[in-house]
Amino acid sequence: MDAIRRQGAILWGLVLLWLLVFVTSMLYHTGGRLSLPLDDSFIYFQYARQAAQGHFLEYNTGAEPTAGATSLLYTLLLVPGFWLGLDGMRIALYALALGAMWLGLSAWLLLLLGRKLSGSFSGWVAALMFLLCGPLLWGYYSGMAIGLFAFAILLTLYLYLTEDRRAPLAAALLVLARPEGIALVLLLIALVAYRRALNWRWVVPLGAYVFQALLLAWWTGEAGASGVEAKWRFAEPHGSLPEQIRAVFFDFAEFVKGILAGSLGHQTSVNLYAYDGNYRRMVFAPFVALFFLAELSYRLWGELSERRLGVAALGGAWFVGGVLLTCTLVEYDAHFNRYQQPFLPLYILFAALGLGRLDAVGGEWGSKLARGLACFFGLWGLISVGFFAVAYGENCSDIRNQQVEMARFIDAELPPDARIAVNDAGALRYFSGRQTIDLVGLTTAGNSMPWRHGSGSLFERLEAMPPEQRPQYFAIFPNWFNFPEGFFLQPLHRIRVFEPSIIDAEKVLYQAHWATDLSGEAIRNRTLLEEGWRVVDKVDVADLASERRHDYQSKVWVPGSGEANLLMALSATDDPQAVYIDGGRTVTGGERMEVALNAGQPATVIMRTVTGIAQHFAVVANGKKIANVELPGGRGRQWLELAVGQIAASDVRSRVEIETQPIHFGGDLRPIVSFHYWVLQP
């Protein structure tokens, strides 16, 4: 009992020591103010505060519920903090306490796992390497669900290996902690079935997953987290499946290469080292990978030879499968690979087991080498902790000095009923108390797909909202969007971070002008409106709702090449003083759409495009070519509205399919640049 107490005291002492170090770094870099290193943490806080006040999954009170917080379980675990009165930045202390608790429990589980699988030496090496891993300390103290998920992985593994009847309950915790958990549980159930040990208890984690999915579907209309559509690589418009799969494997190889052998990974175009693969050189000491690979390979070969799949098969599959699954995200390596951090304890476990094997079977020479390497790995770990403690403080400073300060400014200067469009949805909503419209779509329903398409589709969605619901202000990173300043957005306040580490350098608060004369909804060239003719249908290109209504499809010339999603504020060729805004597309492979017409009457198709871009395409109605359109290139951009084809009365039915087909001359790619189509009839 005394030995257990001493071991616990050492581990929990280190947990509290590192908490003190990281909090001290935070306070040093923020000038004595509390903060956290990620804006996403405040998304969890806002959902939790709303839940504590009786507004479950309503990010804005009265708004449509959303699942913008990826871990519903972690959100609910934060709620008691608000019941205790820890509102504002004080809830960060509660989140740090949760992180410290999961850190200590995870270290204890690694000690137990190492001891069970290889002896006391391996257990201590695993626990101490874990507590000397900089990015894991950063993740556990980030205020996110990273620690909860990593703890659930280790708990499930330990209970399974000890044949504890509570293993299915831990697996239920695993699926509730993060969406990736269901993939790990399915692998575990497959292994249990292979060993012919499957029983009714393993319905529990599957039931937990189904229950959460049904709850979210009933409450929000979506069975999963909002971030899937906003961040998943396979939700990319016009994505090429082979190229997407290739990109996933490339990112997986990039991550594994960095963790196994040190990394000279890609550098970002701006100085955001939280996204820079070079940081991985600071994670693990040289030669750690040799012990990980040797131990995993040795154990896996033995399990396969004996047909008794165990810790190597499960742990290896969880590490490889979990990391591979996270690489399906567009920014898989964001924030020091925070999506992969929960799987690093598995890597540490096998490395420690390998070092323990050398200590056990290598004789006196092997024992001395193993213990010397353990000291070397520990010293390298101290360097890693130092690097990430400083990074933690700098990241906290970025969030405090930009996101939180912008929210404070909004709270002090804008009306209480102001509606604000944002891209980082956490601190701005949490601290300002204003209603926000999340342009990325994590916390505002229906915005994630327009976000994936581009600024033109986002603008069209906002423009289609009732005037009383449109955002009056925008608080955004300007380089994330192509919204026109001056005509539409007028800058009110800027906050610039001169040496950013984890966020964009400049956040700008704009006032939006939804003036009627800026709208591109109607035909502006009145000479195209013949007397006695009227618009009977229109297709607003880039407006996803209009495109769905008309079964609009745009094609790409080369699979996977994508297309440009445009938002322009231009003057008209027939009226240089008239400036208006419209969203559209640059289409390389042609368009198809259906319009509703009055059967038996002639029709004229009007198109809005821009000057200065060479275009050559055919217009087809119900399979019959009705026109060839050729527009010259040149300098300057202006709106151009023109008739691009007439449909004879005999060819007009109640639904008419219209296609535009680009005409390419060899390698001369001339895309179609379209913003609006109108169809006129008498």
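Start at the second largest pocket, whose lining comprises 22 nonpolar, nine polar and five charged residues. Here Ala, Val, Leu, Ile, Met, Phe, Trp, Tyr, Cys and Pro count as nonpolar, Asp, Glu, Lys and Arg as charged, and the others, Gly among them, as polar. You are looking at a predicted model, in which local features need pLDDT of at least 70 and side-chain atom pairs count only at pLDDT 80 or more, while totals for chains, interfaces and linings use all residues. Residues are numbered from 1 along each chain as its sequence is written, and side-chain values use heavy atoms, with hydrogens and water left out.

**Stop 1: the pocket**

Select Thr70, Pro179, Glu180, Ala225 and Val228: of the 36 lining residues, these lie nearest the pocket's centre. (On a 1 Å grid over the protein atoms alone, a pocket is an open set of points where a 1.4 Å probe fits, with protein on both sides within 12 Å along at least five of seven lines; lining residues have an atom within 4 Å of a point.) The volume is about 740 Å³, taken as the space filled by probe spheres set on the points, which are joined across faces, edges and corners.

Next, colour the helices H2 (40-52), H3 (72-83), H8 (167-177), H10 (203-220), H11 (227-231) and H14 (311-326), each of which supplies at least two lining residues. H10 gives the most, with four. (Helices, H or I of at least four residues, and strands, E of at least two, are DSSP runs numbered from the N terminus.)

**Stop 2: helix H17**

Now select 363-413. This is H17, with 51 residues, and it reaches 72 Å from first C-alpha to last, close to the 75 Å expected (1.5 Å times one less than its number of residues).

**Stop 3: a parallel pair**

Move on to E1 (419-422) and E2 (435-438), which run parallel and are joined by four bridges. (Two strands pair if DSSP finds at least two bridges between them.) Val422 stands opposite Asp438.

**Stop 4: the five-stranded sheet**

Finally, which order do the strands of the open sheet take? It is E7-E10-E15-E12-E13, with antiparallel pairing. The edge strands are E7 (553-554) and E13 (624-631), each pairing on one side only. Walk across the sheet:

- E7 to E10 (591-596): two bridges, with Gln553 partnering Arg592.
- E10 to E15 (655-662): six bridges, with Met593 opposite Ile658.
- E12 (615-621) to E13: seven bridges, with Val620 partnering Lys625.
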